[in-house]
Amino acid sequence: MNPGDRVRVDRADRTYEGVLLPSSTDDNLVVKLEGGYNVGVDRDGADVDVLAEDVYEIDGTDSTGTDEAGSEIEFDDELPTISLISTGGTIASTVDYRTGAVTAQFDAEDVLRAVPDLAGRANYRGRVVANILSENMEPPIWQDLAEAVREEIAAGADGVVVMHGTDTMQYSASALSFMLETPVPIVFTGSQRSADRPSSDNVMNAVSAVEAAKSDCAEVLVCMHASESDDVCALHRGTRVRKNHTSRRDAFETVGAEPLGEVDYETETVEFRREYQERDDVELSIEPDLESDVELLKFTPGMDPQFLDVVEESEGLIIEGTGLGHVHTDLIPRIEELIEDGTTVVMTSQCLEGRVCDRVYDTGRDLLEAGVIEGEDTLPGTAKVKLMWALENAEDVEAAMGTSLAGEIQERSVPWE
């Protein structure tokens, strides 16, 4: 039997019928089922019948399922150059047939092979900064990523697409928003569902991200499905976006406003709804230093003040308070002690919309007297990244946390619908 044959595999009282695919190991058989999903079956103890030969053409692959000749990328002087930077994640993942789980395996050139629709839209340069699932993202990788993006832009890239796992994409997009002044678009994208699934969103997201990277909006953006349909991708400002669903394809939302823009997948047009930093408005620069000793703490009713001992001696602390930015009165003396000992404490809100205002109630006024900084309407995750950056780069950290540096603070909080 050979890849491309239709087979029936019997093992352990289970029967699988479909097209045999190349396997990454000699210990497994990989079968694409009629429904479009792939399944891995241990060869040991499996009975295989070849039902039909060569029903599916699979050329140019070796035992790992990759192209023996490698990927050949042709350059066209009439097209812009887009740098594809991979950090891993589902958009650049496949199924590990040993465990059945999704694992990050592909580099940037593999994505070009996996998404043929990218051809003809731009010239591409591929680069791998990390090959991890996004839950393993760490601040030092943000620094490596920012430097890689800077180098690609300095080398002439007209735009950058960062392929990233969705779970922590909003943190990485925020980090680059503060670390980089960019004259070209930097577009984060990923997928909620891996490429082997019939409902995968990887193709549309990747294509739309490239179109956004060719646009005039020189900001850090997140490009993901705007709805469950395959029609429009939303473009979210990197400091105002939040992943609001675990698995839907339209998981990402701009908090407190409409998305900055959108990409129509069918017409391949990019439109923006609000003002943005235009291409070549600023010179390329980078301030990559980060203070990693910053924590994010959510206050909940009944929290023991001793819980704050965990963040004792931390350089910074973001608190997700209730409502306008409150915690239990009993926590305020301990928070004041932290501040007196040198910890910068910033208050944000657990509410999805609206800004912190600690001047309305007694608790808020007591927090201000203790030295807590108001985080305005900055999202808690963004506030953590911003404080990490501000502690290393801002002359006045309190002023920086109250000033919109990369669109993270809106001028006023009003309903947008």
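Author: Let us begin with Asp309, which is partly exposed, having a relative accessible area of 36%. Buried means under 20% relative accessible area, exposed over 50%, and partly exposed in between, with a 1.4 Å probe and protein chains only. This is a predicted model, in which local features need pLDDT of at least 70 and side-chain atom pairs count only at pLDDT 80 or more, while totals for chains, interfaces and linings use all residues. Residues are numbered from 1 along each chain as its sequence is written, and side-chain values use heavy atoms, with hydrogens and water left out.

Reader: With which residue does Asp309 form a salt bridge?

Author: A salt bridge is a side-chain nitrogen of Lys or Arg within 4 Å of a carboxyl oxygen of Asp or Glu. Here the partner of Asp309 is Arg334, and their closest N and O atoms are 2.9 Å apart. Arg334 belongs to helix 5 (residues 332–340) and Asp309 to the loop between strand 20 (294–298) and strand 21 (316–321), so the pair ties together parts that are 25 residues apart in sequence. Helices (H or I, at least four residues) and strands (E, at least two) are DSSP runs, numbered from the N terminus. Arg334 is buried, with a relative accessible area of 13%.

Reader: How many salt bridges does a search of the whole structure find?

Author: The search finds 24. One of them joins Glu262 and Arg273, with the closest N and O atoms 2.9 Å apart. Glu262 is partly exposed at 23% relative accessible area, and Arg273 is partly exposed at 40%. Lys386 and Glu408 also meet through their side chains, at 2.6 Å from N to O. Lys386 lies in helix 7 (residues 380–393) and Glu408 in the segment after helix 8 (397–401), so this pair ties together parts that are 22 residues apart in sequence. Both Lys386 and Glu408 are buried. Salt bridges also link Arg121, Glu211, Lys214 and Glu268 in a network.

Reader: In what order do the strands of the open sheet stand?

Author: Two strands pair if DSSP finds at least two bridges between them. The open sheet has 8 strands in the order 9-6-10-12-13-14-17-18, with mixed pairing. Strand 9 (123–128) and strand 18 (269–272) stand at the edges with a single partner strand each, so one side of each is left without a neighbour in the sheet.

Reader: How do strand 12 and strand 13 run, parallel or antiparallel?

Author: Strand 12 (residues 186–189) and strand 13 (residues 220–225) run parallel and are joined by 4 bridges. Thr189 stands opposite Cys223 in strand 13.
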